[in-house]
Every structure is written in C-alpha cells, then in structure tokens.
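My notes follow in the order I took them.

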Amino acid sequence: MTLMTSLADWPCVALPRADLAPRTTMRVGGQAELLLEPANPDEFQQARKACVERGIVPRILGGGANLLVADGVLPGVVIATERLRRVFRPGAGGESEEEAVAQMPGEFDMELPSGEIVQDDPARDPRLVAWAGCTLPHLLRTARDLGYSGLEGIVGVPGSLGGGVAMNAGGRWGDMWDVVESVRVLDSGGEFKDLARVDCTPTYRNGGLGNEWVVGAVLKFEPKPTPLIQEAMSDYLRTKNKVQPVTEWSAGCIFKNPPAEVSDGRSAGLLVEQSGGKELTCGDAAVSERHGNFIVNRGKACAADVFELMETVRKYVLDATGVELEYEVKRWTNEPDEGEARPS
Ligand code: EPU
C-alpha cells in the first residue's frame, strides 16, 4: 500500500507517521502510518471514499478516551475527527456569523429532521447540533451556558460526541443517549443517513450503530437555570473525584460491569479489589489505588505494559471469583483484522 506517495491527493489534511499517544487519554502507543484530519462532514465523507477507492479500511479516532493503541507503527489509515468539533444551535449554523456563512451548503444544520427552529430564544428550542469531534466537556459547557439540562451526569467523561454516541458513554447518573434526538451517520455505502432516536437501540456501553460512522447528532435538552445545572455538575464531579483517578492518565474503565446475575451485583472495580488485583503493576502501568477498574499510566508506560497488566487483572479476577470480565476499552493492535470503523 503506498499511502505516502501523494499526500496532496487526499481530500483533507494528511499527516504521515503521526504520533497517536498524545491523542489518547492513556498516552501510550505508537504512530499511524497515515492520519487524515477532515475538517467538516463533507471532507469526512470524502476521506472515507478515498480510503475505499484505495482498498483501505480506516480506523476512526475520536477523543481517544476509551482507546489503547499498540506500540510501533499502525499500518494503514486513521481518520481523526478532532477538527469536526463544532457545536451549534439548530439553524444557527456555527459558532460565529462567519462560520455560519462558510459552512451552510451541504451541512446538516440545514436539514434537521423536525421541529421549529428558533434562533433568538434558546429556551424555546433547547436543542444542539454537535459534530462528531466536539469534545464532551465542551458540549457540556455549551449546554450549561445556554441553560440546557440533560447531560450533567456525564460530567468528567473525556472524549468526543462521536465516540460517546457510538459507545453510549455514561455512568451511574446518565448516558449519552439520554439526550439524543437523532444521529447522522455515514452508512456502509458511504452515504449520509439520519437515524431518529426511536429507530435506534442503544444499550449499556453500546450505541448500537454497528459499523456506521457517527458524523454528528441532534441533542434535545430540558431548559433549566444555568446555576442549577452547574451545581449538579459540581456535585457529580466531586463524587467522582473521590473514587476515580480523574486527574491521571487512563482510558477510563477497562472492563464492562458484568451482568448482576453473573457477579452477584458486584461491579468490575469491586471484583478487581476483592481479587487482590489493586496491587498489580507492569512497568509504569498500575491498577489505580482509587478504583480497581482503572489502569493508570504513571508516566513512562508503553502499550505493551498496559496490555499485559489488563490480561493479568482479568486472570486474577477469573481465578478468584470465576467471573470473566469483558473489555470495555477498545484496543488497536497491529493485527490485520483489528481495523474498526467506529469512533474511539
Ligand atoms: N468499588 C470498590 N472498589 C473499587 C472500585 C469500586 O469497592 O476499586 C465499588 C464502589 O465503592 C461502588 C461500586 O464498586 O460501590 C461501583 O463503583 P463506581 O460507583 O465507581 O461505579 P462503576 O460501576 O465502577 C460506572 C462506570 C463509570 C462511571 C461510573 C460513575 C462502567 C464500566 N463504569 O463505574 O464509567 O464513571 O459508573 O457514573 O460502566 C467508563 O465507562 O470508562 C467509566 C469510568
């Protein structure tokens, strides 16, 4: 595969040998042979098409919050959604007047599925359109400032809208899909398609979109005074800070919580703790002292350390409790069939 010979032929910014570790919250892993950075939905579609034409199955990189990338060079193409970062009110087009004008044609603020579009009174139409690369913290701040309630429960979750929708990010206080009105995806034929909430079946940590790529979503909130939203966010964050290593490099929870009937209602973190797994380390990778379902990079860990530690923890839990934990975190290794067409 000759990806590098004609960088200018790609329909968007193309970066050879791009470091992936800084683009993930665990800060481990190697390089992408080629990284594409589309800046709007049309470029995203064109980037996909260009890969298909070259016989490449690309991987999609969102906020890198739930992703572990192997060391070395990852062959093929990674498409990063980082530049697809806009969030705006329906009909408003963009974050500024200039952007609104520049992005009008062909972009999906023009084709919202339903509802009255009111530009001058946010409370009358408490919806936002967010593109896949919009970070969840930015989305939450925007909603809060507009007096839009509904996503407070995922405060402190890093990552992007696309990844959050694809995997139904969330926790005890709510999930991403609680506010999804519709999702725009690129389907397997490379066409934009809008899916209404009623036609989707998100479940625990799974948006149910299969291999379709999230381009963006229309989100519907409830109006609420900004100070009340802020108060709820602060409360959740304080609670979370006490039990999770939120300021350290990690990939969030490593394992899914097993079904209650399998684990007697014990969470993955508790199972790790009860199995003695909280003491485990491998190089600079360590199971968090705060929460057994987190592995933290103490500074110089490499991906191999993290992968080895994950397997050791899984084995500890299996031996001690008989429960087989399933990975929540996504892994990109150099194996040929690992390419995944979903945001990470
Ligand atoms: N616990 C322990 N020891 C530990 C960890 C947890 O005893 O080392 C106990 C806690 O005391 C608590 C129970 O286990 O009684 C559950 O722990 P926690 O409240 O932290 O929730 P969780 O089920 O471990 C889930 C999500 C998190 C989300 C939190 C809070 C999963 C796999 N994890 O964690 O999401 O932040 O709820 O809403 O669903 C993520 O998905 O990456 C993630 C971090």
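**Entry 1: the largest pocket**

I started with the lining of the largest pocket, which consists of 47 residues, with Lys240, Gln244, Gly252, Cys253 and Phe294 nearest its centre. I keep in mind that this is a predicted model. The volume of the largest pocket comes to about 1000 Å³. Sorted by class, the lining holds 17 nonpolar, 22 polar and eight charged residues.

Which elements each supply at least two residues of this lining? I found helix H4 (161-167), strand E9 (170-171), helix H5 (226-243) and strand E15 (249-250). H4 gives the largest share, three residues.

**Entry 2: the whole chain**

I then noted the overall figures. The protein has 344 residues, of which 52% count as buried. Its secondary structure amounts to eight helices and 19 strands. I also looked up contacts between residues at least 6 apart in sequence, and 68% of them join residues at least 24 apart.

**Entry 3: aromatic pairs**

My search of the whole structure for aromatic pairs returned five. I wrote up two of the pairs.

The ring centres of Phe88 and Trp131 are 6.1 Å apart and the planes stand at 85°, so I log this pair as edge-to-face. Phe88 belongs to strand E6 (residues 87-88) and Trp131 to strand E7 (residues 127-131), so the pair ties together parts 43 residues apart in sequence. Phe88 and Trp131 are both buried.

For Tyr148 and Phe221 I have ring centres 5.6 Å apart and planes at 25°; the pair is therefore stacked, since planes under 30 degrees apart count as such. Tyr148 is in strand E8 (residues 148-149), while Phe221 is in the loop between strand E13 (213-220) and strand E14 (222-223), so this pair ties together parts 73 residues apart in sequence. Are these two residues buried or exposed? Tyr148 has a relative accessible area of 1% and is buried. Phe221, with a relative accessible area of 2%, is buried as well.

**Entry 4: charges over rings**

I next looked up charged ends placed over aromatic rings. Arg48 lies over the face of Trp213, 5.6 Å from the ring centre. Over the ring of Phe192 sits the charged end of Arg184, at 5.9 Å from the centre.

**Entry 5: Cys134**

I located Cys134 in the loop between E7 and helix H3 (136-146). Its relative accessibility is 0%, so Cys134 counts as buried. What does Cys134 contact, leaving aside neighbours within four places in sequence? I listed Leu84, Arg85, Arg86, Val87, Leu139, Gly159, Ser160 and Leu161. I also checked Glu82, which is 52 residues from Cys134 in sequence and 7.4 Å away in space, C-alpha to C-alpha.

**Entry 6: positive phi**

Last, I looked at backbone angles. Most residues other than glycine have a negative phi. Arg17, in strand E1 (residues 13-19), has a positive phi near 45°. Arg205 has a positive phi near 55° and lies in the loop between strand E12 (192-196) and E13. Arg205 counts as buried because its relative accessibility is 11%, and the cut-off for buried is under 20%.

Technical notes
Residues numbered from 1 in each chain as written. Predicted model: local features only at pLDDT ≥ 70, side-chain atom pairs only at ≥ 80, totals over all residues. Heavy atoms only, no water. 1 Å grid on protein atoms, 1.4 Å probe; cavity = no way out; pocket = protein on both sides within 12 Å on 5 of 7 lines; lining within 4 Å. Points joined across faces, edges and corners; volume = space filled by probe spheres on them. Helix = DSSP H or I, 4+ residues; strand = E, 2+ residues; numbered from the N terminus. Nonpolar A, V, L, I, M, F, W, Y, C, P; charged D, E, K, R; others polar. Phe/Tyr/Trp six-rings, centres within 6.5 Å; stacked < 30°, edge-to-face > 60°. Buried < 20%, exposed > 50% of the residue type's maximum accessible area, 1.4 Å probe, protein only. Lys NZ or Arg CZ within 6 Å of the ring centre and 35° of its normal. Contact = heavy atoms within 4.5 Å.
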